[in-house]
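Q: Hi! Could you walk me through this model before I set anything up?

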Amino acid sequence: MIILGIESSCDDTSAAIIKDGILLSNVTASQAVHEAYGGVVPELASRAHQQNIVPVVDHALKKAGVTQEELSAIAFTRGPGLMGSLLVGVSFAKGLAASLNIPMIEVNHLQGHVLAHFVREEGDEHTAPPFPFLCLLVSGGNSQIILVRSYKDMEIIGKTIDDAAGEAIDKCSKVMGMGYPGGPIIDRLARNGNPKAFEFARPQIAGYDYSFSGLKTSFLYNLREWVAEDPDFIERHKEDLAASLEYTIVDILMKKLRKAAKDLKIKHVALAGGVSANTGLRQAFEDHARRYGWTVYIPKFGYTTDNAAMIAMVGCFKYQEKEFCTMDKPAYSRVDI
Ligand code: KG4
């Protein structure tokens with residue numbers, strides 16, 4: 001079984017090959033073009049995908065030492081994501097699958113993030129979480145607690161009612177005049193700051209749902225006042241601001257996750273999505289493992305952001321069940337897991 005995975009939902013063009021459950025290649029072309037705009041510009045993203053898709057797939061095949069003719073199936077991200085970006089990957093997958101006369105497998109991008117924990121490389125010692133487990137999926141577009149009963153039975157038990165955690169971090173970083181994406185910048189600054197230096201608004205939301213827009217607004221309003229009094233405030237306090245912001249977001253995320261794990265009596269807890277690269281969040285997971293007896297699953301850095309390895313992984317699960325799709329499946333920009 002040799003699966004080609006294709007991912008193009010946002011601003012990363014990625015292709016990966018998994019052969020008999022082992023990842024042979026995972027090639028990603030990122031798009032620096034968006035940096036100047038402080039966010040992803042959809043039209044520029046789809047144009048860059050068009051330029052990248054052929055060389056990226058070609059590179060992934062060559063790196064894996066596999067020819068097109070040896071492929072068993074093509075798994076592709078059908079959504080959710082940016083429509084123009086998705087269309088490039090979806091159309092390419094359809095064209096290649098038709099020309100090779102092999103099946104296509106549609107993949108939900110969010111399901112891919114959750115199942116990234118099952119990607120194995122040669123000689124990999126890591127163990128995948130046993131079902132059922134809880135997954136905290138935190139990215140630029142999502143903040144969700146997912147109850148994962150099997151590879152195809154996933155239930156979102158909590159989600160953000162407004163901004164995603166990554167979106168809030170990126171916006172706060174932007175108002176501080178830092179670069180884009182803000183996540184890695186805030187992470188770096190936070191390492192040298194005091195997490196208790198400043199306090200920001202915390203949401204009071206029932207159940208397992210999240211909200212980050214109030215925190216973002218409180219960060220902005222406080223900052224405006226402080227800068228009005230002292231124009232050099234940000235420069236002099238950027239480490240403490242970053243550390244306090246990170247601490248507040250991680251605390252909000254972990255509180256609801258703790259409640260879900262306790263209520264559902266689940267001790268296997270995984271982390272996924274772009275924000276899972278965050279040092280403070282990773283430390284909080286390790287800390288919860290010690291304090292609450294959780295077994296935690298933290299993805300390798302390469303699988304935190306968008307990548308095709310996770311798409312090919314879902315492809316492997318679905319291939320075994322012969323869950324193929326037909327040519328007429330359009331891309332979708334919005335959908336739950
Ligand atoms: O999953 P992802 O790559 O794609 C989108 O959903 O767009 O997540 C990207 C998000 C961005 O908001 C980025 O700032 C955030 O993940 N991020 C981080 C870190 N690295 C990336 N947030 C906090 N700390 C990091 N080290």
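A: Happy to, and here is a short tour by topic. This is a predicted model, where local features need pLDDT of at least 70, side-chain atom pairs count only at pLDDT 80 or more, and totals for chains, interfaces and linings use all residues. Residues are numbered from 1 along each chain as its sequence is written, and side-chain values use heavy atoms, with hydrogens and water left out.

Q: Great. How many residues surround the ligand, and which are the closest?

A: The ligand is surrounded by 18 residues, counting a residue if one of its heavy atoms lies within 4 Å. The closest are Gly140, Asp170, Gly183, Asp187 and Gly274.

Q: What's the split by class in that shell?

A: There are 5 nonpolar, 10 polar and 3 charged residues. Here Ala, Val, Leu, Ile, Met, Phe, Trp, Tyr, Cys and Pro count as nonpolar, Asp, Glu, Lys and Arg as charged, and the others, Gly among them, as polar.

Q: And which helices supply residues to it?

A: α4 (165-175) and α5 (182-190) each supply at least two; helices are DSSP runs of H or I with at least four residues, strands are E runs of at least two, and both are numbered from the N terminus.

Q: How far is a ligand oxygen from the backbone of Gly274?

A: A polar backbone atom of Gly274 is 2.9 Å from an oxygen atom of the ligand. For Gly183, a backbone N or O atom lies 3.0 Å from a ligand oxygen, and for Gly141 the distance from a polar backbone atom is 3.3 Å. The protein covers 85% of the 550 Å² of accessible area that the ligand has on its own (Shrake-Rupley method, 1.4 Å probe).

Q: Switching topic: what are the domains?

A: Domain 1 is 2-125 + 303-320 and domain 2 is 133-302, with bounds from an automatic or database domain assignment. Each of them gives at least three residues to the shell around the ligand.

Q: How much area do domain 1 and domain 2 bury between them?

A: About 1800 Å², 66% of it on carbon and sulfur atoms; that is the accessible area (1.4 Å probe) lost on putting the two parts together, summed over both. In domain 1, Val114, His117 and Thr304 lose the most area to domain 2, together 35% of what that side buries.

Q: Last one: where are the cis peptide bonds?

A: One runs from Gly79 to Pro80, with omega near -5°, and Pro80 sits in the loop between β4 (73-79) and α2 (83-100). Another joins Phe131 and Pro132, with omega about -5°.

Technical notes
A polar contact is a pair of N or O atoms within 3.5 Å; within protein, one must be able to donate a hydrogen and the other to accept it, and residues adjacent in sequence count only if both atoms are side-chain atoms.
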